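Morning, everyone. Please look at the screen while I talk.

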Amino acid sequence: MKVVIAGGTGFLGRALLQSLAADGHEVVVLTRRSTDRTMTAVEWTPNGQSGPWASAIEGADVVVNLAGESIAAKRWSPAQKQLILDSRVQATRSLVSAIRAVTNPPPVFVSGSAVGFYGPLGDEIATEDAPPGSDFLARVCVTWEDEARAAAALTRVTCIRTGLVLAKDGGALPPMLPPFRFGVGGPVGSGRQYWPWIHRQDWVDLVRWTIRTADSGGAINATAPNPVTNAEFARALGRAMHRPALMPAPAFALRLMLGEMADALLLSGQRAVPKRAERGGFSFTYRTIDDALHAIFRRK
Ligand SMILES: NC(=O)c1ccc[n+]([C@@H]2O[C@H](COP(=O)([O-])OP(=O)(O)OC[C@H]3O[C@@H](n4cnc5c(N)ncnc54)[C@H](OP(=O)(O)O)[C@@H]3O)[C@@H](O)[C@H]2O)c1
């Protein structure tokens, strides 16, 4: 199988690439700057249009779209929020234009999205049928998914609504660790907000499952079956690291430090569950937060 991954240089793309390549699949990465000689990379300009790079998509079996400005790397100024939105819209529009332009479009298009689609929720369960929220991240996800669905007449489009992906070497987990290491870790804010986590290995396996599952078009929640509140997450992290997890980080301090990002990324969440993956028979390796975190922190 030939798989093209836009944004395949990132935290999730690299893991997907390694998994596919290990099984003998041909993987081509679309990147804005090709510096890594360990992968087959094609330079592209995700500006909303197709380009010469579209030849990489010709005859591909799958295109995976993970490109976009990081949502957590910088404080959300109005310009940064615009970049977060525009980078996803433009990259997706470029891929859809290329899918339209080639003679043999890929039969499968897996495009990024996030559980932020549902907006901040309380303890009600969010399956893929839940309506979208109305905050900034929800509007980004809705627009991003709409762009991807423009290819639906030509290919099977799956939007992966990814939760908080856990791994030791990237994503949201490493920045959380220092306070725990120093024994001052704990819940953030009230701790009652749900965090819909997923182990990175399960995320990779789930994306591969959607690729080979004929009726996986539409939205798929990429989250573990047992989301936990932030307080439960903190206790589980403390157990996995053999450290206390009693020191709460007050909401006002986080808001002072991070502005709007604090509410959107830390102080709120969704109790999202993977209804479609479970109904379709996908088998999670890490079903509970203790399993996932113990695997991540297990000494080799
Ligand atoms: N990690 C998570 O927990 C999580 C959770 C929910 C949703 N997601 C979504 O899943 C996708 C992949 O996540 P990730 O953690 O792998 O992200 P990542 O590590 O930031 O990688 C994203 C890739 O997108 C490309 N990129 C960065 N800025 C860009 C811009 N302004 N315009 C176009 N391309 C740009 C980069 O590739 P080049 O520099 O090579 O072009 C980068 O490697 C993202 O869209 C993210 O929002 C991730």
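First, a term: contact means heavy atoms within 4.5 Å. Helices (H or I, at least four residues) and strands (E, at least two) are DSSP runs, numbered from the N terminus.

This is a predicted model: local features need pLDDT of at least 70, side-chain atom pairs count only at pLDDT 80 or more, and totals for chains, interfaces and linings use all residues. Residues are numbered from 1 along each chain as its sequence is written, and side-chain values use heavy atoms, with hydrogens and water left out.

Start with the sheet. Three strands make an open, mixed sheet, ordered β9-β8-β11. Its edges are β9 (170-171) and β11 (197-199), each pairing on one side only. Pairing takes at least two DSSP bridges between two strands. Strand β8 (residues 164-167) runs antiparallel to β9, joined by two bridges. Opposite alanine 167 stands glycine 170 in β9.

Now helix α10, residues 289-297. Helix α10 packs on the sheet and touches β8 and β11. Its direction makes about 45° with that of β11. Angles run from 0 to 180 degrees between N-to-C directions; axes are lines fitted to C-alpha atoms, for helices over the stretch in contact.

Which residues of α10 are buried? Ile289, Ala292, Leu293, Ala295, Ile296 and Phe297. Buried means under 20% relative accessible area, exposed over 50%, partly exposed in between (1.4 Å probe, protein chains only). These buried residues pack against β8, α4, β11, β13 (228-229) and α6 (230-241).

Last, a loop. Phenylalanine 182 lies between α4 (173-181) and β10 (194-195). Phenylalanine 182 counts as exposed because its relative accessibility is 71%.
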